Amino acid sequence: MDSRRRFGKYRVEREVLDEERLEEVTQRKSYTDARPSLTERLKNSLRCTVPKLKRSVVSSLPVLYWMPKYSVWDYGMPDLVSGISVGIMHLPQGMAYALLASLPPVFGLYTSLYPALIYFFFGTSRHISIGTFAVLSIMVGSVTERLAPDNNFQKMDDNNLTVEVDLSARDSYRVQVAAATTVLAGLIQVVLGLVKFGFVGTYLSEPLVRAYTTAAAAHAVVAQLKYIFGVSPKRFSGPLSMVYTLKDVCSLLPKTHLPTLVVSIVSIVFLIAAKELNSFLSPKLPVPIPVELITIVAGTLISNFAHLNSNYTVPVVGEIPSGLSPPGVPDVSIFGEVISDAFALAIVGYAISISLGKTFALKHGYKVDSNQELVALGLSNTVGGFFQCYAVCSSMSRSLIQETTGGKTQMAGMASAVIVLVTILKLGPLFQELPKAVLAAIVFVNLKGMFKQYADIVTLWKSSKIDLVVWLVTWVSTLLFNLDMGLAASISFALLTVIFRTQLPTYSVLGNIPGTELYVDMETHREAREIPGVTIFRSSATVYFANADLYLEALKEKSGLDISKMIIYKRRQEAKQKRREKRAERRAKRQAKRKRQAQRAAEQLPGVPGFSVEDEAGHWRDTCMDGNVTDKEEQGWTERENGTVFVIPTTPRTPDGHSRWEYLKGGDPDNTSIGWMSELQDGDTTTLGSSSEDTLSHDLERLSLGSLGKWTWDIHSIILDLSTANFIDTVAIKTMKNIFRDFSEIDVDIYMTGCQASVVEQLELGDFFSESITKRHLFASVHDAVLYCLDHRGASSIPRYEPSIDMEGSTKL
């Protein structure tokens, strides 16, 4: 309909668009009509065409897309330099992080080789470096130590005098456990990627991931203390394992091996100083100084010439076999014991990789496919597991080196894999005399960036208390419950905060900013003005089963309408009205009967007036019931008149059974005597102990439609702003139906605005619309609904707007 009103000296013409009118104006079909049927969609998905086949193959193998366009002249040298730099970092990190996984160092080199080759073909990020990472190495180490503890591999020495650990048997079984866990994690990632479940990583919020990696860094430090101090603490697994390990290490500090501690301290000091110098000179250096590689080479040379192992019993890496080991099928019987750990590895590894990949993609202007990245990472883990690799993801430090040294494509990852391959084939045996304390020092210093994340506590305290709680709960649970159970507890708590925030949203009443079509919260915006007769209600969250009841209660509170009390009161009055009608009908029948009896008596005795005591007594009773009351009754009414609420129909009942009700009140603002009205008999609204109409109007005042707690007559319409809702379930639909039904009984109209197309479709599927609730109750905007309410119900006072005049001379709101 068209709403035309005069605001001041301007004539405002504004077409009010409800849902049905909006469809007519835009001349478009409904969402359900435009959407193809299930059969059509199934046919389209199964139809095979050459372009569709080509797109499918290219999306599955991204290397076929970028390799034909690869320019050796433009990208060759930058990728080569970047690949060599990253490959040099792979060597120390691979061997060092293998210690975190409780595996021989050579398997860290394998893990730096095979997964990088697989990612070259299937990955879509051009800058991330796939390989070993501290957090995943710790998670793998917790599994290997739990399933293959030292106690299971004890044996007597050659002289049968002491008990020692069979290291070769233990390491062999740990490699099988790590490989089986990695293959299972890779399969989980591939399946999630094929079913387009790449968004699963979004459930790991940034505070959760940063707190988790910070706690994992603490686990890594505790795991390396035995190599730094040269002690042999007991191995613990399960909840509080880190606490028990730290306690055991502290008890063994008096037995610290001093030569090992000296090697550790010298290595840590050298690494920290060299990294600080590297950061200072980085703007002037084309390639960062390979600090870790220099440390490994220097440590190996010093250990070899000083005979640290034989003379000072400093633990060294030991035998590193040259060449590649043949592939093998992992032990599938281990899958049942590690499925929860594999799922945690799959989710954490993907979350770290996709967040890092999207960061570089945004910086360099290309796109990373979340689902394809999940498949690529899963294939890297699955294939790598067959070659005795453990779980991988992108490394932050290596990825930054690959990006800052000029890497352009995935070819840089291929170059780094070649460096690792050459080391495995020819240079591996040269590192056999490398002290393990040097590798532990590399791990310790490389975790410095994760320790800086404790500054998040201060940042989150200022920005978001809820995110701070998520950070702290994640950190504490990961420290106490170990990495796998800590991750599960952290995700559960994070989802719980989302549920609480949607279950306890902010409810507000909106007002209009004069001169605009904007409607904002009246509690936070002082310039907002209430629309006379209209309440605009909005929730900050989607209405669904968890907060539907709270939504209804908040609507009652914000509008000031106690629906339950008023409906009960109205029904009492309707029942009383019916009783009055029945009594009037019976009274009319008795009067007719008396008239007939009087006529028969007059016919029998002509000329003698009939007189009967019973008739006179009945006539006196009828007169009293018609409105005359005794002094006792009149006194009782006078005592209660100030605490009484009265409701009378102001319009006759229509054929459909509805009538307009008028609410009157006395002087009792708390309505403590509201139930007394149901006890009154005839005449309770005709006299109140006073025969003067002036006295009646002085003692009583009009009450708001539907409000026994809001003493103004100003609400005739309620507008529900659903612009924040992106879905609506069956429970919420039933709640909306109840709102329409209940408020209509007290003559308050309900309208809904801002519904998205998907929400309207769900309302249709839920049988929300009927003869009484049509699409004319839906409006595109709050302002359209306000104009309709003011025009439909009328307003005693029109809000003042300051309209703007367009170029053609017409005015708009």
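In what follows, a residue is called buried under 20% relative accessible area, exposed over 50%, and partly exposed in between, with a 1.4 Å probe and protein chains only. By that criterion, four of the five residues of strand S14 are buried, so S14 is largely enclosed by the rest of the structure. Helices (H or I, at least four residues) and strands (E, at least two) are DSSP runs, numbered from the N terminus.

The model is predicted: local features need pLDDT of at least 70, and side-chain atom pairs count only at pLDDT 80 or more, while totals for chains, interfaces and linings use all residues. Residues are numbered from 1 along each chain as its sequence is written, and side-chain values use heavy atoms, with hydrogens and water left out.

I turn to the sheet that contains S14. Two strands are taken as paired if DSSP finds at least two bridges between them. The sheet is open and has six strands, in the order S8-S7-S9-S13-S14-S15, with mixed pairing.

Strand S14 (residues 749-753) runs parallel to strand S13 (residues 717-721), and five bridges join the two. Asp749 in S14 stands opposite Ser717, and Thr753 in S14 is the bridge partner of Asp721.

Is strand S7, residues 507-512, buried or exposed? Six of its six residues are buried, so S7 is largely enclosed by the rest of the structure. Both of its faces are covered, with Tyr507, Val509 and Gly511 buried on one side and Ser508, Leu510 and Asn512 buried on the other.

S7 also has two partners to describe. Strand S9 (residues 534-539) runs antiparallel to S7 and is joined to it by four bridges; here Val509 stands opposite Phe537. S8 is likewise antiparallel to S7, through three bridges, and Tyr519 in S8 stands opposite Asn512. S7 and S8 form a hairpin with six residues between them, and Gly515 in the turn has a positive phi of about 90 degrees.

Next, the nonpolar cores. Such a core is a set of buried Ala, Val, Leu, Ile, Met, Phe, Trp, Tyr and Cys residues joined through side-chain atoms within 4.5 Å. The largest has 106 residues, and those with the most contacts inside it are Met95, Val135, Met139, Val348, Tyr390, Leu439 and Leu447. Helix H15 (residues 335-364) contributes the most to this core, with 15 residues. Apart from it lies another core, of 33 residues, including Met566, Met736, Phe740 and Leu778.

Two helix pairs deserve mention. Axes are lines fitted to C-alpha atoms, for helices over the stretch in contact, and angles run from 0 to 180 degrees between N-to-C directions. Angles under 35 degrees count as roughly parallel, over 145 as roughly antiparallel, 65 to 115 as roughly perpendicular, and the rest as oblique. A crossing is left-handed if the near helix is turned anticlockwise from the far one by less than a right angle, and right-handed if clockwise.

Helix H8 (residues 134-147) packs with helix H9 (residues 167-194) at an angle of about 130 degrees, their axes 9 Å apart. H8 and H9 are therefore oblique to each other, and the crossing of H8 and H9 is right-handed.

Finally, some individual residues. Most residues other than glycine have a negative phi. Gln388, which is not a glycine, has a positive phi of about 60 degrees and is found in the loop between helix H16 (370-386) and strand S6 (393-394). Asp767, also other than glycine, has a positive phi near 55 degrees. Asp767 is placed in the loop between helix H29 (757-765) and S15, and at 57% relative accessibility it counts as exposed.

Arg571 belongs to helix H24 (residues 563-604) and, at 47% relative accessibility, counts as partly exposed. Arg571 and Glu745 are 174 residues apart in sequence and 9.8 Å apart in space, C-alpha to C-alpha.
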